[in-house]
Every structure is written in C-alpha cells, then in structure tokens.
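Here is a short briefing on one protein structure. Look over the sequence and the fold before reading on.

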Amino acid sequence: MMSVKDWIFSQLLSKSFASARPLSGGTYFEEESFHEEFGNRGSAQTTNLMHAPAVADTSVSPGGNPESQNDSSSQLNVVENSIHQPHQVNLDRKLDPLSKIENLQIKFLRLLRRFGQMQDNLMVAKVLYRIHLATLISAGESDIKRANIRRDTARAIAAEQETTGVPDLDFSFRVLVLGKTGVGKSSTINSIFDEKKVMTDAFYPATDSVQEIVGTINGIKVSFIDTPGLLPSSAGTVRKNRKILYKVKKFLRKHPADMVLYFERLDLINNGYSDFPLLKLITKVFGSAIWFNTIIVMTHSSSALPEGANGYPVTFESYVAQCTNLVQHYIHQAVADPKLENPVLLVENHVQCKTDINGEKILPNGQVWRFQFFLLCMCTKVLADVNTLLKFQDSIELGPPSNQRSPSLPHLLSAFLRNHIMSTAGDKNEIDELTISDLEEEEYDEYEQLPPIRILTKSQFEKLTNNQKKDYLDELDYRETLFLKKQLKEDICNREKKHSKGETLALDGSDNLEGIPEPVALPDMAVPLSFDPDYPVHRYRCVVTSEQWLARPVLDPHGWDHDVGFDGINLDTTAELRKNVYASVSGQMSKDKQDFNIQSQCAAAFAHPRGPTYGLGVDVQSSGEEMIYTVHGNTKLRTSKHNCTECGLSATSFGNKYFFGAKLEDSISVGKRLKVVINGGRMGGLGQVAYGGNFETTFRGKDYPVRNDKVSLALTATSLNNETILGGNVQSDFRIGRGTNFSVNANINSRKMGQLCIKTSSSDHMEISLIAVFTIFRALMRKMAIGDFSNEKLEIG
C-alpha cells in the first residue's frame with residue numbers, strides 16, 4: 001500500500017502538473033474540460049481557460065521570490081535556462097521549501113485581490129489545487145497537518161497584507177510577442193498598458209527592430225518584447241523570417257521571456273490556412289518547447305462573422321472554436337505532439353469596441369479580455385515558480401517520442417562472430433588459404449592426361465540413346481571438374497610465386513599488357529515499364545574495365561513512368577596497397593527528397609606469408625535518422641598446418657549509445673573435407689552484457705573447393721539477462737544431376753521458433769516447371785486449409 005506522500009505525488013502527476021522552463025524542453029499540464037460546470041457558474045471571463053496550459057518560467061521582478069536568488073548573476077540561453085533573478089536578503093534564502101511554496105500561495109492570493117479576480121474562478125481553483133499538492137509534497141507525511149492549517153490561514157494573511165501593503169508585492173513577468181506583420185501586436189501592447197507605448201500603423205509595419213517595452217500595471221512590472229512582423233509564408237520570405245527569428249533569439253539570451261503570445265487575426269483565418277511553414281520555422285529556430293509557454297492571441301475578435309452553410313452568420317462561439325482548432329492542429333503538426341493544448345486569448349483593439357461601465361473593452365461574448373490576459377500570466381508565473389521549487393523541469397518532454405531504440409545485443413554479437421578478416425580477393429568470407437602441398441598432385445594433374453573428346457552438335461546428341469547421353473554428359477561434367485582444379489592449382493602457384501619474389505601488380509599496362517582483362521559489359525538493369533518508344537535501359541549500362549573502382553547505378557525497378565534518374569550509386573573496389581597489404585571498399589548510397597540511406601563496408605588486412613594476419617574494418621549504416629558506426633579489428637594466427645586461432649575486438653556507436661565486444665575463435669581442419677569451428681564472445685553496452693558461442697562442423701564434398709557441396713551442423717548458445725537460448729542449424733548445399741542445385745537451411749531454438757528455407761536453381765526446363773507446379777499446389781492447399789478453418793468457426797458460432 002502506497003504512502004500518503006506517494007499518493008499525493010501520483011495525483012499531482014496524474015493532473016499533469018507541468019514543469020516550467022521558458023522556451024525550453026519543459027513540460028505542460030492539460031486542463032480538464034469543465035464546460036458544463038462553467039456554464040452553471042455563468043462566468044464569462046474564463047471561457048477560454050478550460051484547456052490552458054499554465055506554464056511559464058520562474059522569473060520575477062526585483063526582490064522576487066526567494067527560490068530565484070541563486071540565479072541572479074546568470075544570463076542563460078532562452079531554450080535551456082530560467083531567467084535572471086535579483087538578490088534578496090539572506091533570511092529569505094534560508095526558508096524551507098514548504099515556507100517558500102506558502103509564500104507563493106499568499107502572493108498569488110494577493111494578486112487575485114489586486115486585480116479583482118474571484119477565488120472561486122475555475123482557473124484560480126485549479127491553480128490553488130496544484131499549489132496545495134505541491135505543499136503536501138514538500139511537507140512530507142509528518143507535516144501534512146501543518147500544511148492543511150497554513151492553507152486555511154493563507155487567505156487571511158493575503159487579505160491582511162494586501163490591505164496594509166506590507167510587505168511590498170514583488171511580482172513581474174516578461175512576454176515575448178510573435179506574429180505576422182499587421183496582426184495587431186503593437187496595438188495589443190498599447191491596449192494592455194492603456195496608453196500609447198508603441199507606434200502603430202494600419203498600412204505599414206510599425207516595428208522594425210526587437211525592443212523591450214516596460215510598464216507598471218497595478219503595481220506589477222510587465223515587460224513586452226516587441227518583435228518585427230513576420231512575412232506570410234512563401235519561398236521568397238523564408239530567409240527574411242529566419243533572420244528576424246534569429247535576431248529575436250539573440251535578444252532573448254540576455255532578456256529571457258516567461259511566456260509567448262503568438263498572434264493571428266480571427267477574421268482572416270479560414271480552411272485555407274497557409275502558415276504552417278511559418279510555425280515549422282518558429283519551431284526549428286526556438287525548439288519545440290517554445291509552444292509550452294505560448295498563448296494563441298486572436299485579434300479583431302469583434303469583426304463581422306462569416307456566413308455559414310445555411311446563408312446565416314455563424315455563432316461567435318462556433319467560429320472561435322473552428323479557428324482555434326485549425327491553428328492548434330497546425331501547431332500539433334509543427335511540434336509532432338498532439339497532446340499540447342495552448343490557451344486562447346481573444347483581443348479587440350479597435351477604438352469603437354464596446355466597453356463596460358469601467359471603460360474596459362469587452363468582446364461579443366461579454367468577456368473583458370484584459371483581465372483574461374492578466375489571469376493567464378499570473379497563473380503561468382506562479383505555477384512556474386512552484387515547479388522550480390519541486391524540480392519538475394524535466395518530467396515530461398514535448399514532441400515526438402525520443403528515439404529510444406537500441407540495437408539488439410545478441411544480434412550485434414552474432415554479426416561480430418560471423419565477421420572475419422578479409423581475404424586477398426577482397427571479400428569478408430572465411431580465409432581458407434590453400435597451398436600446393438594441400439593439393440593432391442595426381443588429381444590436379446589428371447586433366448593433362450585425358451584423351452581428347454569430340455564435342456557433339458545438338459542434332460548428333462539427339463541421335464544417342466539415353467544411356468549414351470548420360471555417359472556423354474557425365475564425361476563432360478568430369479572433365480569440367482578437372483579443368484577447374486587445374487585452374488585453381490595455377491592460381492595458387494602464381495600467388496605463392498608472387499609472395500616468394502616480392503612482385504606486385506603493375507598499376508600501368510606498359511609491362512603487363514597480357515594481364516589486362518578485356519572490358520566486360522554488365523547485364524542490363526530492370527527499368528520501370530514505359531510507353532515511350534525510347535527504352536531508357538541504355539542510360540544504366542555499365543562496363544567492367546581494368547580500373548580498380550567499379551561504380552554501378554541503383555534504380556528502383558518499380559518506380560514511376562518516365563523516371564530515368566539514379567536512385568543511388570553502388571561502389572566497389574579491391575586493391576593491394578603495398579606488399580601483403582590489401583584493402584577493399586564497398587557500399588551503396590541512395591537519396592530521395594526525404595531520406596538518405598547508406599551502407600558501407602571498409603576493410604584492410606595485412607597478411608604475412610608465414611605469420612599472423614591482421615585485419616581492421618569500419619562499417620557504416622543508416623537507421624532512420626541515426627547512423628550506426630562499427631569499428632572491428634581481428635588477428636588470425638596459424639598455430640599449425642591444420643589449426644587457426646582468431647581473436648577480435650569491436651566497438652559500435654548508435655546515436656549516443658556505445659557497445660563493445662570481444663571474441664575468440666579456433667578452427668581445426670581434418671584433411672580437406674572436414675572442418676570444426678568453435679568460437680565465443682561477449683557484447684556489452686547500456687549496463688547489459690550478452691554472451692554467446694557457436695560450435696560448427698562442416699563436411700565438404702569430394703570435389704571441394706571447385707564444387708561447393710557441403711553439409712554443416714551448428715549449435716549456438718546466447719545468454720542475456722540471465723536467460724539462455726539454445727539453437728541448432730543445419731545447412732546443406734548439393735547438386736542433383738548436372739544442371740540443378742539445391743540449398744536447404746533449417747534452424748530451431750529453445751523458444752520453439754524455427755525456419756526452413758529451400759532454394760534451388762536449375763538450367764533444365766523440366767525441373768523449373770516441376771518447381772512451379774509444387775509452389776502452386778502448396779498455395780492451393782494453404783487456401784483450402786484457411787477455408788476449412790473459417791467454415792468450422794461459422795459452425796461453432
């Protein structure tokens with residue numbers, strides 16, 4: 001059973017009691033909807049406060065609240081810190097948090113009395129409720145009774161202090177004003193001060209620089225940061241708007257604001273609202289958190305209402321709700337967070353606006369908008385100070401959920417265990433260095449001793465009997481195998497001769513013209529179908545020459561018609577940099593209007609002829625907006641003729657997360673056909689460690705290495721968070737006849753999850769047709785099984 005303090009804290013968070021950092025990654029709270037209750041109250045001054053997030057910073061005027069004293073000498077960036085606070089006496093600094101919150105409550109009650117606001121106002125009641133919760137949290141379980149008693153006496157203390165005027169009420173706030181030119185920013189400032197503080201013009205922009213306007217209202221210091229008007233969104237105004245916003249941001253570094261007023265004209269908002277790029281630009285410059293402290297101001301609220309679908313003017317409330325929802329919708333899109341609810345302030349600055357008996361301008365719904373403005377500012381500022389005392393600044397983040405994805409440690413470990421030092425051919429497969437002594441002389445020299453054979457034409461081949469055809473094809477297959485072995489032996493001899501003499505490949509063709517390969521044209525790419533008479537496949541043809549770099553275009557075969565541009569590029573190269581030093585680079589890059597994807601593998605190896613082999617590699621891969629970088633190094637040592645030992649280290653970076661791994665592997669060869677590999681490793685990061693290992697046995701065919709027939713059996717074990725998963729894998733590659741190859745791969749683990757994969761390739765038309773028939777038959781059987789299952793469910797129902 002939770003304690004009283006834990007219950008209070010959960011209640012406070014359930015009400016989304018927000019943190020308050022000005023224009024920064026703070027939080028906000030969403031007010032519950034009390035439209036029915038408000039209608040029963042009959043109050044007209046809190047109509048637009050139902051969903052108002054009261055968030056602000058902790059700034060006060062000189063002599064402000066005691067909590068703010070420690071920041072008096074700092075001038076920090078507006079997107080990260082609270083505003084500059086003046087010094088106070090040491091006595092106030094020594095107050096405990098409970099006393100500080102009680103002082104804030106008394107100050108808030110004094111403000112309400114000074115501005116004539118009733119304490120039973122809906123917004124006021126909510127703010128007092130949150131202050132009371134904060135008091136209970138600060139008091140602890142032992143001081144709950146004391147907190148309740150002081151809550152009852154706070155109203156009397158506030159009334160007494162406001163009557164006597166002792167002590168002085170130190171309270172101030174600074175407001176940033178943003179909006180397009182001509183929406184009434186300067187006019188609203190003049191209306192709030194009830195005097196002409198700023199020059200206005202109905203036809204030309206009146207404000208051409210960022211300036212601060214300071215005044216006093218009912219003994220409260222109010223500061224406005226007036227800014228130049230932003231231009232309507234278009235391609236030609238983006239640069240100028242960005243320049244204005246950066247000037248504002250620079251000004252805010254020295255004069256941070258507590259809240260923001262974003263201005264729109266109520267009479268000009270329609271379904272064709274086109275200022276979303278402007279909202280996006282504001283979000284990009286100041287950050288998403290600027291909308292925490294933003295109040296949407298609708299000027300020209302007493303203008304004539306438009307006609308509805310029935311030809312009659314719409315009601316004031318419905319039109320305001322429609323325009324507010326439209327602007328709020330685009331703010332949600334700009335910050336990528338639909339939870340945000342900004343309060344709305346309706347404003348009318350026209351000289352002919354209706355007034356009440358006190359001369360205050362009222363709206364068509366009877367609301368005095370100046371009192372609404374002061375109430376919003378007071379609630380925002382007081383709650384911000386409370387949040388600062390309770391250190392709730394980082395409780396909730398605005399915007400899309402932060403990318404908390406992390407790569408799977410078992411997956412990283414498995415990929416690291418499969419990675420080996422690149423061979424001299426430039427690939428990253430396992431090095432299987434064969435020497436002349438590994439080859440059987442009588443088998444690899446048998447091709448030269450074969451008698452000549454007559455190659456039959458197709459008509460001659462058709463005249464043979466079935467047994468003769470079989471014997472003829474078997475002879476051709478046997479000769480082909482011997483020829484491949486002969487070629488392999490020649491390649492190994494050339495390689496060993498090169499290492500013994502220290503020769504290197506010539507980079508120019510002056511002395512090695514016979515070794516330069518002929519240019520080879522790559523197969524044509526599959527391009528999207530088109531009705532054009534000019535088939536654009538020639539645009540993507542590539543030729544492989546003697547150059548080290550091989551560049552090929554990347555094209556989506558399912559793209560749009562008339563799409564003849566490259567979607568990306570694929571690069572490949574392998575080179576011997578120096579004697580026994582090899583390097584390879586391979587990668588693919590693709591870019592469209594929104595995404596950029598890259599996959600790159602770079603590797604280098606130093607292979608000593610009779611010593612160890614060292615390898616180093618760097619892999620780069622994009623994952624959404626993040627990049628994954630992996631650096632790995634391996635060392636391979638041949639301890640004996642049939643035994644190799646390899647060890648390696650790996651470091652992976654994913655965003656601001658880092659993972660480190662190590663492995664050890666030992667392989668034993670028994671003759672040419674049997675090989676046993678045992679490896680193990682660990683991968684750690686983010687406080688977790690994964691362990692894993694493999695035991696693999698491979699039995700190769702008699703014609704290895706010219707034929708890749710083999711059977712492999714592997715057992716794996718992976719452990720993470722005290723959970724161990726065992727797995728088994730069987731893989732077999734074999735030939736059926738002369739033109740059909742099969743590959744079977746089956747795996748299963750201790751979680752009863754597995755996979756069976758069968759691949760085949762055939763040059764015989766009969767086998768291809770049988771494969772197609774088998775696939776169609778399997779699909780029909782599955783469809784019939786699904787139909788029978790549906791019928792059973794209907795019968796049961």
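Predicted model: local features only at pLDDT ≥ 70, side-chain atom pairs only at ≥ 80, totals over all residues.

**Two helices side by side**
- Helix H4 spans residues 97-114, and helix H11 spans residues 369-390.
- Their axes come within 10 Å and cross at roughly 175 degrees.
- Angles over 145 degrees count as roughly antiparallel, so H4 and H11 are roughly antiparallel to each other.
- On the H4 side, the contact residues include Ile101, Leu104, Phe108 and Leu111.
- On the H11 side, they include Met378, Val382, Val386 and Leu389.
- By class, this contact has 12 nonpolar, no polar and two charged residues.

**A helix with buried residues**
- Helix H9 covers residues 276-286.
- Its buried residues are Leu278, Leu279, Leu281, Ile282, Thr283, Val285 and Phe286.
- Among the elements covering them are strands E1 and E4 and helices H8 and H10.
- Glycine 287 follows H9 and has a positive phi, near 95 degrees.

**Strands joined by hairpins**
- Strand E14 (residues 626-640) runs antiparallel to strand E15 (residues 643-654), and 12 bridges join them.
- E14 and E15 form a hairpin, with two residues between them.
- Serine 640 sits opposite asparagine 643 of E15.
- E15 also pairs with strand E16 (residues 657-670), in the antiparallel sense and over 12 bridges.
- Threonine 652 has phenylalanine 659 in E16 as its bridge partner.
- The hairpin of E15 and E16 has two residues between the strands, and glycine 655 there takes a positive phi near 65 degrees.

Technical notes
Residues numbered from 1 in each chain as written. Heavy atoms only, no water. Pairing = 2+ DSSP bridges. Helix = DSSP H or I, 4+ residues; strand = E, 2+ residues; numbered from the N terminus. Buried < 20%, exposed > 50% of the residue type's maximum accessible area, 1.4 Å probe, protein only. Contact = heavy atoms within 4.5 Å. Axes fitted to C-alpha atoms, helices over the stretch in contact; angles between N-to-C directions. Parallel < 35°, antiparallel > 145°, perpendicular 65-115°, else oblique. Nonpolar A, V, L, I, M, F, W, Y, C, P; charged D, E, K, R; others polar.
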